[in-house]
Amino acid sequence: MCQNHGVAYIKPGVVEVREIEYPKLALGDRKCEHGVILKIVSTNICGSDQHMVRGRTTAPAGLILGHEITGLVIEAGRDVEFIKTGDLVSVPFNIACGRCRNCKAGQTGICLNVNPARPGAAYGYVDMGGWVGGQAEYVMVPYADFNLLKFPDSDQAMAKIKDLTLLSDIFPTGFHGAVTAGVGPGSIVYVAGAGPVGLACAASCHLLGAAIVIVGDMIDERLAQAKSFGCEVIDLKKEASLADQIAAITGVPEVDCAVDCVGFEAKGHGHDSNVEQPATVLNSIMDITRAGGQLGIPGLYVTGDPGAVDEAAKKGSLSIRIGLGWAKSHSIHTGQCPVMKYHRQLMNAILYDKIKIADAVNVEVITLNDAVRGYHDFDKGASKKFVIDPHGMIRA
């Protein structure tokens with residue numbers, strides 16, 4: 001009998017649940033004494049997974065997907081000192097050694113020692129070190145003492161597991177987008193995209209004290225979800241410009257700060273809303289952010305996109321109006337979220353009822369065997385965050 005199953009990328013548009021190897025405490029031929037094996041309690045489908053599944057990256061066939069992981073420690077290496085068997089833990093999607101100059105500076109999203117190809121690594125993701133993903137029943141996690149966030153009380157955590165599962169990526173990523181955009185008390189902020197990260201960002205803006213949170217998207221269901229927790233919304237299919245629609249809400253055609261939660265598969269606005277224009281969001285947020293404002297860009301941009309609209313975009317070269325951003329003295333922050341910078345504080349915000357992040361992003365729990373359906377529904381624009389429960393441990 002197979003002891004492990006995982007969600008594999010097969011080809012563009014196709015994923016399947018297949019038998020996979022049970023994880024070992026090993027890195028190649030070397031024993032991984034600093035690692036642990038987790039029995040996965042919950043693992044989420046991420047919007048960035050969809051880029052691979054759509055064939056918009058160079059992801060290889062057979063890649064086991066999944067970088068948002070929460071699990072139970074069932075085996076620990078000899079050198080793991082502070083994490084114990086039986087601990088319930090959140091796994092940052094960034095794999096980090098804790099020893100390089102970037103990790104020591106808190107820049108765990110660009111660790112220098114866990115990916116031979118470039119700085120930064122993640123589970124189950126293209127060009128991110130070849131680590132096996134966590135949309136599975138079991139997974140190995142290295143550098144456990146440094147990487148893992150232990151929940152202080154397992155029973156309390158399981159009662160809020162739909163919220164806490166989001167600590168591995170989506171909630172910190174949305175929060176990071178808001179923080180790097182300079183959101184604070186009284187801010188007027190525009191969030192581009194009402195997918196799960198955009199919704200998590202919008203909820204984070206409220207948590208940070210924003211006065212008005214405006215969310216733009218083209219899917220009615222997603223806009224309704226943003227409106228359900230107090231956001232103003234903009235339908236980007238309309239012919240009115242983004243600036244004019246913002247002015248209709250705030251009285252002026254600009255915001256203090258903006259966050260791009262869309263990334264490189266962006267489409268145009270208005271009559272171009274069905275046309276892929278990868279620089280649309282970047283240019284539009286520079287246009288509507290006040291002089292001296294900040295732009296957070298947690299939306300994914302890649303260096304290789306075989307399905308791009310032109311040769312330049314296939315290499316990640318986009319027609320960005322950097323002159324506009326320069327003229328307006330914008331501060332622009334890009335890159336992966338360093339999850340460990342935020343996850344403990346956000347855990348406390350969940351445990352002490354300061355935020356209902358699962359409600360904001362509309363979590364739906366599914367089985368591992370339902371993952372194929374979850375990918376399909378997500379790709380069709382469902383306003384949900386699909387959380388996979390491989391062992392049936394989550395209760396309603």
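Reader: Which residues does asparagine 283 touch, not counting residues up to four places away in sequence?
Author: This is a predicted model, where local features need pLDDT of at least 70, side-chain atom pairs count only at pLDDT 80 or more, and totals for chains, interfaces and linings use all residues. Residues are numbered from 1 along each chain as its sequence is written, and side-chain values use heavy atoms, with hydrogens and water left out. Contact means heavy atoms within 4.5 Å. By that rule, asparagine 283 touches Ser319, Ile320 and Arg321.

Reader: Which backbone oxygen does the side chain of asparagine 283 reach?
Author: Asparagine 283 lies in helix H10, residues 280-288 (helices are DSSP runs of H or I, at least four residues, numbered from the N terminus). The side chain of asparagine 283 comes to 3.1 Å from the backbone oxygen of serine 319.

Reader: Is asparagine 283 buried or exposed?
Author: Buried means under 20% relative accessible area and exposed over 50%, with partly exposed in between (1.4 Å probe, protein chains only). The relative accessibility of asparagine 283 is 18%, so this residue counts as buried.

Reader: What is the relative accessible area of isoleucine 322?
Author: Isoleucine 322 lies in helix H12, residues 322-327. This residue is exposed, and its relative accessible area is 54%.

Reader: Within what arc do the buried residues of H15 fall?
Author: Helix H15 spans residues 371-379, and its buried residues are Ala371, Gly374, Tyr375 and Phe378. The arc is that of the directions from the helix axis to the C-beta atoms. The buried residues line one face of the helix, because seen down the axis of H15 they fall within an arc of 100°.

Methods. Helix = DSSP H or I, 4+ residues; strand = E, 2+ residues; numbered from the N terminus. Polar contact = N/O pair within 3.5 Å; in protein donor to acceptor, adjacent residues only side chain to side chain.
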